[in-house]
Amino acid sequence: MQGLMMNRPLKISDIITYAAEAYPSAEIVSVRSEGDIHRTNYLDISKRMAQLAHGLISIGVKPGDRIATLAWNGYRHLELYYAISGIGAVCHTINPRLSSDQLTYIINHAEDLLLFVDLTFVPILEAVKDRLPLEMKIIILTDKKHMPKTSLKTMCYEELLKDKPQKINWPDFNEDTAASLCYTSGTTGEPKGTLYSHRSTVLHAMMLAISLPDALKEGKKILPVVPLFHVNAWGLPYAAPLTGAGLVFPGPKLDGDSLFNLMETEKVYSAWGVPTVWLNLLQTISKKQRPPVGFGDVVIGGASAPRAMIEDFEQLNINVCHAWGMTEMSPVGTQGNIPYKLKDISLQDKLDIKAKHGRRLFGVELKIVNDQGTILAHNGISQGDLYVRGHAITAGYFNNAEATREAFDTDGWFSTGDIATIDCDGFLTIVDRSKDLIKSGGEWISSLDIENIAISHPDIANCTAIAAPHPKWGERPILIVIPTNGITPDKSSIQNLLSKHFAKWQIPDDIIFTEILPLTATGKVSKLTLRNMYKNHFLIKDTK
Ligand code: AMP
């Protein structure tokens, strides 16, 4: 027997319509590329979203068209998120840190009809002008006064909105309609597109809202350092309006000092981003000897948060939520808050739990399997390949049958490429990306485990462990280190620290000091680049 309830489609436009009515004055603050600060709220921005939707229709945008964005975190980018999907078109966010080959590949692969670009990124497009689709129009996210001189044929964003009606009846359509498109950064092979639907996006926003109720609520302000141009800024553009939380967008200014000042002036409660960003903020905090006033919560994900970083924040009474996820998962898969039954444990015990990678969100199922495909126990010890299934997880890559075939097991679970354990309290621990594990003499070494301990050394500002091919052992770990304040630490003191936690054969054979670590387009340390740089490290030495 069927239930007898209305079946209204889940639509992204419902979120902003709701926020405009329920939380009209919750603020959205943006640092603009033009250099100033802009303030709006959910009611006013909903009117501009309606204007933009009318503008898009007036220039011929139809349901299903792909409309690209190349922009910082700011209110205009948020307007695009809602107006494009609201009329049934697809908001294709592009990561400006991609190489020019990857950038032009995905624009052509997605067959983008329009591209909205921030002032800062106009030169990126000028440089690849000849490789862009001929018929694609470029619209610059600024007003008439700030329109740049450029060899590109462009239109002005504010002119597109001008005089358009501030109301719209957002159309109804099937909730499985595509809403947005994001390509992986493509560290191996060409980038692959994840095509989110209205249903998956709204459900993911609700999943987040119930999982992180401390930050996502009316009266709190959230700073998404995680970009709108990649992985939907971890779902915040949808979850914040749904819950009445305000948004503070940092625009192009992402260094520690700028973030500190913005957080303090805007009274940001919760800040979300990858570990590399927090290293910079922690340096500013240490310089000023205090955190920004009102800062009480940080969500760290995208790469493993070192235990020492979690400790630094917790010592300042800033709650750390260590989350794990993937572009293909919308992207948040877990949240790392402490279980209620353990709320009174000591700081050290708390850190042990927070250094893990969280418990699954409702709607995300996890399984770990061994090489034979046998499902492993959730006992915190058995480690295997991590697979996921759920309401907001990809069912296949956009126009890429080959990548889709490789990504799923026969039961339809998505292969994350991560190696993990799950304990009996449901906590996931990512041991490593399968490609980053180090295999020495037939035994596996986790690069994440080595990094986690090494970074607690006072003279190490950042570090990464990688495998270098070795004539005898197959691979041996090496540790690449950015020293604190440029002072080269003593190698043996690092080795001594590691020897307290690891067996002799697990300790890196060499420690290399550097000033910078190469980053991927999503701000993570690029182990692939480093593996290439050091692929002859032991081989050459041994043949000398
Ligand atoms: P992306 O799709 O660019 O977000 O990358 C997803 C991958 O990032 C995952 O498969 C993990 O390998 C890694 N990742 C994300 N969050 C974490 C985390 N908290 N700890 C460790 N690795 C993470």
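1. Leu-98 counts as buried because its relative accessibility is 10% (buried means under 20% relative accessible area, with a 1.4 Å probe and protein chains only). This is a predicted model, in which local features need pLDDT of at least 70, side-chain atom pairs count only at pLDDT 80 or more, and totals for chains, interfaces and linings use all residues. Residues are numbered from 1 along each chain as its sequence is written, and side-chain values use heavy atoms, with hydrogens and water left out.

2. Leu-98 sits in the loop between strand S4 (90-93) and helix H4 (100-110); helices (H or I, at least four residues) and strands (E, at least two) are DSSP runs, numbered from the N terminus. Leaving aside neighbours within four places in sequence, Leu-98 is in contact with Leu-103, Ile-106, Ser-185 and Ala-521 (contact means heavy atoms within 4.5 Å).

3. Helix H3 (residues 75-86) packs against helix H8 (residues 236-243) at about 85°, with the axes 11 Å apart; axes are lines fitted to C-alpha atoms over the stretch in contact, and angles run from 0 to 180 degrees between N-to-C directions. H3 is therefore roughly perpendicular to H8 (65 to 115 degrees). Leu-78, Tyr-81 and Tyr-82 of H3 meet Pro-237, Tyr-238 and Pro-241 of H8 in this contact.

4. The lining of the second largest pocket comprises 16 residues, of which Gln-283, Asp-312, Ile-460, Ala-461 and Thr-484 lie nearest its centre. H10 gives the largest share of that lining, 4 residues. A pocket here is an open set of points on a 1 Å grid over the protein atoms alone, where a 1.4 Å probe fits, with protein on both sides within 12 Å along at least five of seven lines; lining residues have an atom within 4 Å of a point.

Key:
Parallel < 35°, antiparallel > 145°, perpendicular 65-115°, else oblique. Buried < 20%, exposed > 50% of the residue type's maximum accessible area, 1.4 Å probe, protein only.
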